[in-house]
Amino acid sequence: MNLLLFGPPGAGKGTQSAFLIERHGMKHLSTGDLLRKAIKNDTPLGREAKKLMDQGKLVPDEVVIGMVQEEIAPLKGKPFVLDGFPRTVVQAEALNKLLAKLNVTLGKALFLEVPYNLLSDRLTGRRVCKSCGATYHIKSHAPKKAGVCDNCGGEVIQRDDDKEEVIKQRLAAYEQSTMPLKEFYRQSGQLCVIDGTGEVEAVYGRINQVIKR
Ligand code: AMP
């Protein structure tokens, strides 16, 4: 089954996608990761995207839609999980068109629900490995050796957009542009609301139950 995960920044989309990939053999499509790759490679698109991402703003719809188009077509029927895309209704409509063209269906749109007061702590405490992307949290899941990834030995850093001043803007962008997706997928009958609080394994268990249904 093809899935998409959406929700506010800090809801755990990346963590839960990683479980789905590892345990269900799904392909991961994260527009955030694709944009960070473009930034790392210092491409013109990456340079433009960085300016917006550093301010907590969304990258234009046509840019991310183009990226997803390129990534989805070669999957040729392999199950995938979309993480952080769509983030606007325009993107969701474009995705529907793209999937129809490829004759592929989206099983469920999983909304990870986390109260606002928990999000800021999750985001400001989040650390990521620069090399493999593994995620940590300074309080609940710190790397064994400070600043060093347990998985690959890479450098563990704070994302520029996880700094407090940017987080406010990201949450505002979420409320304005992404929240309407809940209604969009409710109307299409694909919406599943998942309680995103508690231990990551508990959240995964809830997702697993929903996808087995
Ligand atoms: P994420 O890693 O999903 O939290 O995304 C990090 C940042 O990348 C977001 O705050 C946006 O600036 C940008 N971004 C990622 N996905 C999208 C998208 N689907 N539409 C617009 N901007 C995006």
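1. Asparagine 103 sits in the loop between H5 and strand S4 (108-113). In this predicted model, asparagine 103 has a positive phi of about 60 degrees although it is not a glycine. Asparagine 103 is also exposed, with a relative accessible area of 72%.

2. Lysine 76, which is not a glycine, has a positive phi of about 45 degrees. Lysine 76 belongs to the loop between helix H4 (61-72) and S3. With a relative accessible area of 73%, lysine 76 is exposed.

3. The peptide bond that runs from phenylalanine 85 to proline 86 is cis, and its omega is near -5 degrees. Proline 86 is found in the loop between strand S3 (80-83) and helix H5 (89-102).

4. The ligand site may be considered next. The shell around the ligand comprises 16 residues, of which Thr31, Arg36, Lys57, Gly84 and Gln91 come nearest. Sorted by class, this shell holds six nonpolar, four polar and six charged residues. Which helix gives the most to the shell around the ligand? Helix H2 (residues 31-40) does, with four residues.

5. Threonine 31 places a polar side-chain atom 2.8 Å from a nitrogen atom of the ligand. Lysine 57 takes part through its backbone: one of its polar backbone atoms is 2.7 Å from an oxygen atom of the ligand. For arginine 87, a polar side-chain atom lies 3.0 Å from a nitrogen atom of the ligand. Taken alone, the ligand exposes 480 Å², and the protein buries 96% of that.

6. While a polar side-chain atom of arginine 87 lies 3.0 Å from a ligand nitrogen, the backbone oxygen of arginine 87 lies 2.8 Å from a polar side-chain atom of threonine 178. Threonine 178 is part of helix H7. Is threonine 178 buried or exposed? Threonine 178 is buried, with a relative accessible area of 4%. When its neighbours within four places in sequence are left aside, threonine 178 is in contact with Phe6, Arg87 and Ala173.

7. Helix H3 (residues 44-53) deserves a separate comment. Gly46, Ala49 and Met53 are buried in this helix. Viewed down the axis of H3, the buried residues fall within an arc of 70 degrees, so they line one face of the helix. In general, an α-helix has 3.6 residues a turn, so residues three or four places apart point the same way. The cover over the buried residues of H3 includes H2 and helix H7 (164-178).

8. The side chain of lysine 182 makes a polar contact, at 3.5 Å, with the side chain of glutamate 113. Not counting residues up to four places away in sequence, lysine 182 touches Phe6, Phe111, Glu113, Leu191 and Val193. Phe6 is listed among the contacts of lysine 182 and among those of threonine 178.

Terms used
Residues numbered from 1 in each chain as written. Predicted model: local features only at pLDDT ≥ 70, side-chain atom pairs only at ≥ 80, totals over all residues. Heavy atoms only, no water. Near = heavy atom within 4 Å. Polar contact = N/O pair within 3.5 Å; in protein donor to acceptor, adjacent residues only side chain to side chain. Areas by Shrake-Rupley, 256 points an atom, 1.4 Å probe, with all protein chains shown as cover. Helix = DSSP H or I, 4+ residues; strand = E, 2+ residues; numbered from the N terminus. Nonpolar A, V, L, I, M, F, W, Y, C, P; charged D, E, K, R; others polar. Buried < 20%, exposed > 50% of the residue type's maximum accessible area, 1.4 Å probe, protein only. Arc of directions from axis to C-beta. Contact = heavy atoms within 4.5 Å.
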